[in-house]
Amino acid sequence: MAPSSKLSQGIKKASRSHAYHRRGLWAIKAKHGGAFPKAEKPAAVAEPKYYPADDVKPRKASTRKPKPTKLRSSISPGTVLIVLAGRFMGKRVVFLKQLKSGLLLVTGPFKINGVPIRRVNQTYVIATSTKVDISGVNVEKFDDKYFAREKKKKATKTEGELFDTEKEATKDLPQFKKDDQKAVDAELIKAIDAVPDLKTYLGARFSLRDGDKPHEMVF
Amino acid sequence: MVKGRTGQRVRLYARGTILGYKRSKSNQYETTSLVQIEGVNTKEDVAWYAGKRMAYIYKAKTKSSETRYRCIWGKVTRPHGNSGVVRAKFKSNLPPESMGRKVRVFMYPSSI
(Lines give C-alpha, C1' and ligand atoms only; values in the text may rest on other atoms or scores of the structure.)
Protein backbone atom coordinates (compact mmCIF):
# COMPACT_ATOMS: atom_id res chain seq x y z
CA MET A 1 0.00 0.00 0.00
CA ALA A 2 1.53 3.24 -0.98
CA PRO A 3 2.07 5.46 2.01
CA SER A 4 -0.10 8.54 2.23
CA SER A 5 1.68 11.36 0.58
CA LYS A 6 2.90 14.18 2.71
CA LEU A 7 1.89 17.78 2.61
CA SER A 8 4.87 18.70 4.64
CA GLN A 9 7.05 17.13 7.28
CA GLY A 10 4.73 15.32 9.68
CA ILE A 11 1.49 16.28 7.92
CA LYS A 12 -0.19 13.59 5.85
CA LYS A 13 -2.54 14.37 3.06
CA ALA A 14 -5.12 11.77 3.97
CA SER A 15 -6.92 11.92 7.28
CA ARG A 16 -6.77 9.09 9.74
CA SER A 17 -10.13 7.63 8.84
CA HIS A 18 -9.51 8.19 5.14
CA ALA A 19 -6.25 6.31 5.32
CA TYR A 20 -7.89 3.50 7.27
CA HIS A 21 -10.51 3.12 4.61
CA ARG A 22 -7.99 3.30 1.81
CA ARG A 23 -5.77 0.64 3.28
CA GLY A 24 -8.61 -1.80 3.35
CA LEU A 25 -8.04 -2.95 6.92
CA TRP A 26 -11.83 -3.03 7.29
CA ALA A 27 -12.01 -5.68 4.55
CA ILE A 28 -9.35 -7.86 6.19
CA LYS A 29 -11.14 -7.54 9.51
CA ALA A 30 -14.41 -8.51 7.97
CA LYS A 31 -12.81 -11.51 6.35
CA HIS A 32 -11.51 -12.72 9.68
CA GLY A 33 -14.64 -12.22 11.73
CA GLY A 34 -14.12 -8.72 13.06
CA ALA A 35 -10.57 -8.83 14.37
CA PHE A 36 -7.34 -8.26 12.60
CA PRO A 37 -5.55 -11.62 12.27
CA LYS A 38 -2.63 -11.82 14.61
CA ALA A 39 0.37 -13.70 13.30
CA GLU A 40 1.51 -16.39 15.66
CA LYS A 41 4.67 -15.39 17.34
CA PRO A 42 7.35 -18.06 17.02
CA ALA A 43 8.05 -19.76 20.31
CA ALA A 44 10.52 -17.58 22.16
CA VAL A 45 13.94 -19.17 22.04
CA ALA A 46 15.27 -19.55 25.54
CA GLU A 47 18.31 -17.36 25.79
CA PRO A 48 21.35 -19.57 26.13
CA LYS A 49 22.92 -19.21 29.52
CA TYR A 50 26.45 -18.98 28.15
CA TYR A 51 27.66 -17.51 24.97
CA PRO A 52 31.01 -18.67 23.55
CA ALA A 53 33.78 -16.18 24.24
CA ASP A 54 34.98 -15.99 20.63
CA ASP A 55 33.03 -16.00 17.45
CA VAL A 56 34.48 -19.16 15.97
CA LYS A 57 33.29 -20.79 12.80
CA PRO A 58 32.47 -24.48 13.30
CA ARG A 59 35.00 -26.62 11.43
CA LYS A 60 33.70 -28.39 8.38
CA ALA A 61 34.20 -32.14 8.26
CA SER A 62 36.89 -33.12 5.78
CA THR A 63 35.64 -34.60 2.53
CA ARG A 64 39.03 -36.10 1.67
CA LYS A 65 38.99 -39.78 0.86
CA PRO A 66 42.28 -41.68 1.06
CA LYS A 67 43.33 -43.36 -2.17
CA PRO A 68 43.73 -47.16 -2.28
CA THR A 69 47.31 -48.22 -1.59
CA LYS A 70 49.26 -48.66 -4.78
CA LEU A 71 50.72 -52.11 -5.24
CA ARG A 72 54.38 -52.05 -6.21
CA SER A 73 54.96 -53.07 -9.80
CA SER A 74 57.35 -55.77 -8.67
CA ILE A 75 54.62 -57.51 -6.69
CA SER A 76 52.02 -59.64 -8.46
CA PRO A 77 50.02 -62.66 -7.30
CA GLY A 78 52.40 -65.57 -6.89
CA THR A 79 55.51 -63.49 -6.23
CA VAL A 80 57.83 -64.74 -3.54
CA LEU A 81 58.36 -62.02 -0.94
CA ILE A 82 60.96 -61.70 1.79
CA VAL A 83 59.49 -60.54 5.08
CA LEU A 84 61.76 -57.96 6.68
CA ALA A 85 60.43 -57.58 10.18
CA GLY A 86 58.27 -59.19 12.76
CA ARG A 87 57.93 -62.73 13.94
CA PHE A 88 58.64 -64.20 10.53
CA MET A 89 61.50 -61.98 9.47
CA GLY A 90 63.69 -63.45 6.82
CA LYS A 91 61.07 -65.90 5.70
CA ARG A 92 60.31 -66.27 2.05
CA VAL A 93 56.62 -66.20 1.52
CA VAL A 94 54.11 -66.41 -1.34
CA PHE A 95 51.97 -63.38 -2.14
CA LEU A 96 48.30 -64.13 -2.77
CA LYS A 97 46.46 -60.86 -3.20
CA GLN A 98 46.15 -57.32 -1.97
CA LEU A 99 43.34 -56.69 0.47
CA LYS A 100 41.14 -53.64 0.47
CA SER A 101 43.01 -52.14 3.39
CA GLY A 102 46.14 -52.14 1.26
CA LEU A 103 47.81 -54.95 3.20
CA LEU A 104 49.14 -57.95 1.35
CA LEU A 105 47.63 -61.39 1.90
CA VAL A 106 50.42 -63.87 2.20
CA THR A 107 51.01 -67.53 3.06
CA GLY A 108 54.14 -69.61 3.81
CA PRO A 109 52.81 -72.14 2.81
CA PHE A 110 52.46 -73.20 6.41
CA LYS A 111 53.81 -76.70 5.89
CA ILE A 112 56.95 -75.41 4.24
CA ASN A 113 58.03 -72.58 6.46
CA GLY A 114 55.49 -72.14 9.24
CA VAL A 115 54.01 -68.90 8.01
CA PRO A 116 50.21 -69.05 8.13
CA ILE A 117 47.81 -67.07 5.99
CA ARG A 118 48.65 -63.63 7.17
CA ARG A 119 48.53 -59.96 6.33
CA VAL A 120 51.72 -58.03 5.77
CA ASN A 121 52.45 -54.44 4.91
CA GLN A 122 54.09 -53.68 1.60
CA THR A 123 56.85 -51.59 3.09
CA TYR A 124 58.05 -54.47 5.26
CA VAL A 125 58.59 -56.76 2.33
CA ILE A 126 61.10 -57.19 -0.49
CA ALA A 127 59.74 -58.61 -3.73
CA THR A 128 61.89 -61.18 -5.45
CA SER A 129 61.71 -62.08 -9.09
CA THR A 130 60.67 -65.63 -8.27
CA LYS A 131 57.06 -66.42 -9.03
CA VAL A 132 54.81 -69.31 -8.08
CA ASP A 133 51.83 -70.32 -10.11
CA ILE A 134 48.76 -69.63 -7.97
CA SER A 135 46.09 -70.04 -10.59
CA GLY A 136 44.71 -73.03 -8.73
CA VAL A 137 44.27 -71.20 -5.46
CA ASN A 138 40.97 -69.66 -4.42
CA VAL A 139 41.48 -66.59 -2.27
CA GLU A 140 38.07 -65.01 -2.68
CA LYS A 141 36.98 -65.57 0.88
CA PHE A 142 39.82 -63.72 2.56
CA ASP A 143 39.32 -60.11 3.44
CA ASP A 144 40.24 -57.81 6.31
CA LYS A 145 37.27 -58.90 8.39
CA TYR A 146 38.61 -62.45 8.40
CA PHE A 147 41.58 -61.23 10.39
CA ALA A 148 39.69 -59.04 12.82
CA ARG A 149 40.34 -59.76 16.48
CA GLU A 150 37.60 -61.59 18.30
CA LYS A 151 35.79 -59.38 20.77
CA LYS A 152 36.34 -60.75 24.24
CA LYS A 153 33.12 -61.37 26.07
CA LYS A 154 33.14 -59.74 29.48
CA ALA A 155 32.00 -62.45 31.83
CA THR A 156 31.30 -61.13 35.28
CA LYS A 157 33.78 -62.77 37.55
CA THR A 158 33.26 -63.75 41.10
CA GLU A 159 35.73 -62.48 43.63
CA GLY A 160 37.73 -65.67 43.59
CA GLU A 161 37.87 -65.75 39.85
CA LEU A 162 39.06 -62.18 39.55
CA PHE A 163 42.56 -63.38 40.12
CA ASP A 164 42.25 -66.29 37.76
CA THR A 165 43.75 -64.65 34.73
CA GLU A 166 44.03 -66.63 31.50
CA LYS A 167 40.93 -68.57 32.45
CA GLU A 168 39.04 -67.35 29.40
CA ALA A 169 42.01 -66.45 27.30
CA THR A 170 42.30 -69.47 25.09
CA LYS A 171 44.21 -68.66 21.96
CA ASP A 172 43.34 -71.76 19.98
CA LEU A 173 42.87 -71.19 16.30
CA PRO A 174 39.30 -71.92 15.29
CA GLN A 175 39.05 -75.04 13.19
CA PHE A 176 37.76 -73.25 10.12
CA LYS A 177 40.94 -71.20 9.95
CA LYS A 178 43.04 -74.35 10.05
CA ASP A 179 40.92 -75.79 7.26
CA ASP A 180 41.28 -72.65 5.19
CA GLN A 181 45.03 -72.87 5.58
CA LYS A 182 45.07 -76.46 4.37
CA ALA A 183 42.82 -75.67 1.43
CA VAL A 184 44.99 -72.80 0.20
CA ASP A 185 48.24 -74.62 0.77
CA ALA A 186 47.19 -77.83 -0.94
CA GLU A 187 47.09 -76.20 -4.34
CA LEU A 188 50.14 -74.09 -3.68
CA ILE A 189 52.33 -76.98 -2.60
CA LYS A 190 51.49 -78.82 -5.79
CA ALA A 191 52.61 -75.85 -7.84
CA ILE A 192 55.74 -75.49 -5.71
CA ASP A 193 56.73 -79.13 -5.99
CA ALA A 194 56.62 -78.79 -9.74
CA VAL A 195 59.57 -76.41 -9.69
CA PRO A 196 62.95 -77.88 -8.70
CA ASP A 197 64.43 -76.49 -5.46
CA LEU A 198 61.56 -74.06 -4.88
CA LYS A 199 60.47 -75.91 -1.78
CA THR A 200 63.85 -75.68 -0.08
CA TYR A 201 64.09 -72.08 -1.25
CA LEU A 202 60.87 -71.20 0.49
CA GLY A 203 61.89 -73.14 3.55
CA ALA A 204 65.17 -71.27 3.91
CA ARG A 205 65.35 -67.89 5.54
CA PHE A 206 67.00 -64.88 4.01
CA SER A 207 69.91 -63.35 5.87
CA LEU A 208 72.57 -60.82 5.15
CA ARG A 209 76.11 -62.11 5.36
CA ASP A 210 79.50 -60.52 5.70
CA GLY A 211 80.35 -58.52 2.64
CA ASP A 212 76.74 -58.31 1.46
CA LYS A 213 75.67 -54.94 0.21
CA PRO A 214 71.86 -54.64 0.15
CA HIS A 215 71.99 -51.62 -2.12
CA GLU A 216 73.77 -53.67 -4.77
CA MET A 217 71.65 -56.77 -4.47
CA VAL A 218 69.16 -57.78 -7.11
CA PHE A 219 66.28 -59.67 -5.60
CA MET B 1 67.46 -61.33 17.99
CA VAL B 2 66.02 -60.84 21.46
CA LYS B 3 63.24 -62.33 23.49
CA GLY B 4 64.57 -65.85 23.39
CA ARG B 5 64.41 -66.28 19.63
CA THR B 6 64.91 -69.93 18.96
CA GLY B 7 66.03 -71.26 15.67
CA GLN B 8 68.05 -69.47 13.04
CA ARG B 9 69.39 -66.04 13.74
CA VAL B 10 69.03 -63.96 10.63
CA ARG B 11 70.50 -60.55 10.07
CA LEU B 12 68.16 -58.29 8.14
CA TYR B 13 69.99 -55.10 8.79
CA ALA B 14 73.15 -53.47 7.54
CA ARG B 15 75.75 -52.57 10.11
CA GLY B 16 76.64 -48.95 10.60
CA THR B 17 79.08 -47.04 12.76
CA ILE B 18 78.17 -43.80 14.45
CA LEU B 19 80.85 -41.29 13.63
CA GLY B 20 79.63 -38.36 15.68
CA TYR B 21 77.36 -35.42 15.29
CA LYS B 22 76.93 -33.12 12.39
CA ARG B 23 79.44 -30.41 13.02
CA SER B 24 81.72 -27.73 11.76
CA LYS B 25 85.17 -27.08 13.18
CA SER B 26 84.01 -25.71 16.50
CA ASN B 27 80.25 -26.14 16.58
CA GLN B 28 78.30 -29.36 16.73
CA TYR B 29 74.64 -29.96 16.02
CA GLU B 30 73.50 -32.92 18.07
CA THR B 31 70.12 -33.34 16.46
CA THR B 32 71.76 -34.99 13.46
CA SER B 33 74.26 -37.82 13.72
CA LEU B 34 76.63 -39.05 11.06
CA VAL B 35 76.69 -42.75 10.30
CA GLN B 36 79.02 -44.80 8.15
CA ILE B 37 77.15 -47.80 6.70
CA GLU B 38 79.29 -50.83 5.85
CA GLY B 39 79.85 -51.26 2.16
CA VAL B 40 78.47 -47.87 1.19
CA ASN B 41 81.18 -45.73 -0.32
CA THR B 42 79.59 -43.20 -2.61
CA LYS B 43 76.85 -40.62 -2.55
CA GLU B 44 74.93 -42.57 -5.21
CA ASP B 45 74.91 -45.73 -3.12
CA VAL B 46 73.27 -43.86 -0.26
CA ALA B 47 70.15 -43.24 -2.33
CA TRP B 48 68.99 -46.80 -1.64
CA TYR B 49 69.17 -46.22 2.11
CA ALA B 50 67.33 -42.92 2.23
CA GLY B 51 64.45 -43.18 4.65
CA LYS B 52 65.45 -46.56 6.00
CA ARG B 53 64.96 -46.95 9.72
CA MET B 54 67.84 -47.38 12.10
CA ALA B 55 68.11 -48.46 15.67
CA TYR B 56 70.81 -47.62 18.17
CA ILE B 57 70.80 -50.39 20.75
CA TYR B 58 72.38 -50.13 24.14
CA LYS B 59 72.26 -51.82 27.50
CA ALA B 60 71.18 -50.32 30.76
CA LYS B 61 71.53 -51.51 34.32
CA THR B 62 67.86 -51.71 35.14
CA LYS B 63 65.27 -53.79 33.36
CA SER B 64 62.45 -52.12 31.52
CA SER B 65 59.86 -54.36 29.86
CA GLU B 66 61.73 -57.52 30.97
CA THR B 67 64.93 -56.64 29.18
CA ARG B 68 68.04 -54.62 29.82
CA TYR B 69 68.39 -53.71 26.16
CA ARG B 70 67.11 -50.35 25.10
CA CYS B 71 66.80 -48.75 21.73
CA ILE B 72 66.64 -45.37 20.09
CA TRP B 73 64.92 -45.39 16.71
CA GLY B 74 65.85 -43.12 13.87
CA LYS B 75 66.11 -42.94 10.15
CA VAL B 76 68.56 -42.16 7.38
CA THR B 77 67.84 -38.70 6.10
CA ARG B 78 70.39 -37.85 3.40
CA PRO B 79 73.93 -38.42 2.26
CA HIS B 80 76.71 -36.48 3.89
CA GLY B 81 79.51 -35.62 1.51
CA ASN B 82 80.65 -37.71 -1.42
CA SER B 83 81.94 -40.83 0.23
CA GLY B 84 78.93 -42.70 1.49
CA VAL B 85 78.56 -41.22 4.95
CA VAL B 86 74.97 -40.68 5.90
CA ARG B 87 73.08 -38.20 8.04
CA ALA B 88 70.57 -39.62 10.45
CA LYS B 89 67.98 -38.21 12.78
CA PHE B 90 66.84 -40.12 15.81
CA LYS B 91 63.73 -39.88 17.90
CA SER B 92 65.86 -38.39 20.64
CA ASN B 93 69.38 -37.21 20.07
CA LEU B 94 72.01 -39.88 20.36
CA PRO B 95 74.11 -39.73 23.52
CA PRO B 96 77.79 -38.95 23.11
CA GLU B 97 78.64 -42.46 24.33
CA SER B 98 77.29 -43.71 21.01
CA MET B 99 80.20 -42.34 19.04
CA GLY B 100 82.14 -45.19 17.54
CA ARG B 101 79.43 -47.71 18.37
CA LYS B 102 77.23 -49.73 16.08
CA VAL B 103 73.84 -48.92 14.69
CA ARG B 104 71.47 -51.23 12.82
CA VAL B 105 70.24 -49.97 9.47
CA PHE B 106 67.15 -51.93 8.52
CA MET B 107 65.93 -52.64 5.03
CA TYR B 108 62.47 -51.21 5.65
CA PRO B 109 60.51 -49.14 4.61
CA SER B 110 61.28 -51.04 1.48
CA SER B 111 60.57 -49.92 -2.05
CA ILE B 112 61.97 -52.83 -4.05
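Biologist: How many residue pairs are in polar contact across the interface of chain B and chain A?

Modeller: The rule finds 10 residue pairs there, both residues at pLDDT 80 or more. A polar contact is a pair of N or O atoms within 3.5 Å; within protein, one must be able to donate a hydrogen and the other to accept it, and residues adjacent in sequence count only if both atoms are side-chain atoms. On the side of chain B that touches chain A, strand β1 (residues 13–23) of chain B gives the largest share, 3 residues. Strands (E, at least two residues) and helices (H or I, at least four) are DSSP runs, numbered from the N terminus.

Biologist: What kind of model is this, and what are its rules?

Modeller: This is a predicted model, in which local features need pLDDT of at least 70 and side-chain atom pairs count only at pLDDT 80 or more, while totals for chains, interfaces and linings use all residues. Residues are numbered from 1 along each chain as its sequence is written, chains are lettered from A and ligands numbered from 1 in the order in which they are written, and side-chain values use heavy atoms, without hydrogens and water.

Biologist: What is the pLDDT of chain B?

Modeller: Chain B averages 91, and 94% of its residues score at least 70. pLDDT is the predictor's confidence in each residue, from 0 to 100. For the complex, the predictor gives an ipTM of 0.86 and a pTM of 0.73.

Biologist: What makes Asp210(A) and Arg15(B) a salt bridge?

Modeller: The term asks for a side-chain nitrogen of Lys or Arg within 4 Å of a carboxyl oxygen of Asp or Glu. These side chains meet at 2.5 Å, N to O, so the pair qualifies. The count between chain B and chain A is 1 salt bridge.

Biologist: Why is Thr107(A) called buried?

Modeller: Buried means under 20% relative accessible area, exposed over 50%, partly exposed in between (1.4 Å probe, protein chains only). Thr107(A) has 0%, so the word applies. Of the 219 residues of chain A, 30% count as buried.

Biologist: Where is Thr107(A), and what does its side chain make a polar contact with?

Modeller: Thr107(A) is in strand β5 (residues 104–107) of chain A. Its side chain makes a polar contact with the side chain of Asp185(A), at 3.2 Å. Beyond its neighbours within four places in sequence, Thr107(A) is in contact (heavy atoms within 4.5 Å) with residues including Val94(A), Ile117(A) and Leu188(A).
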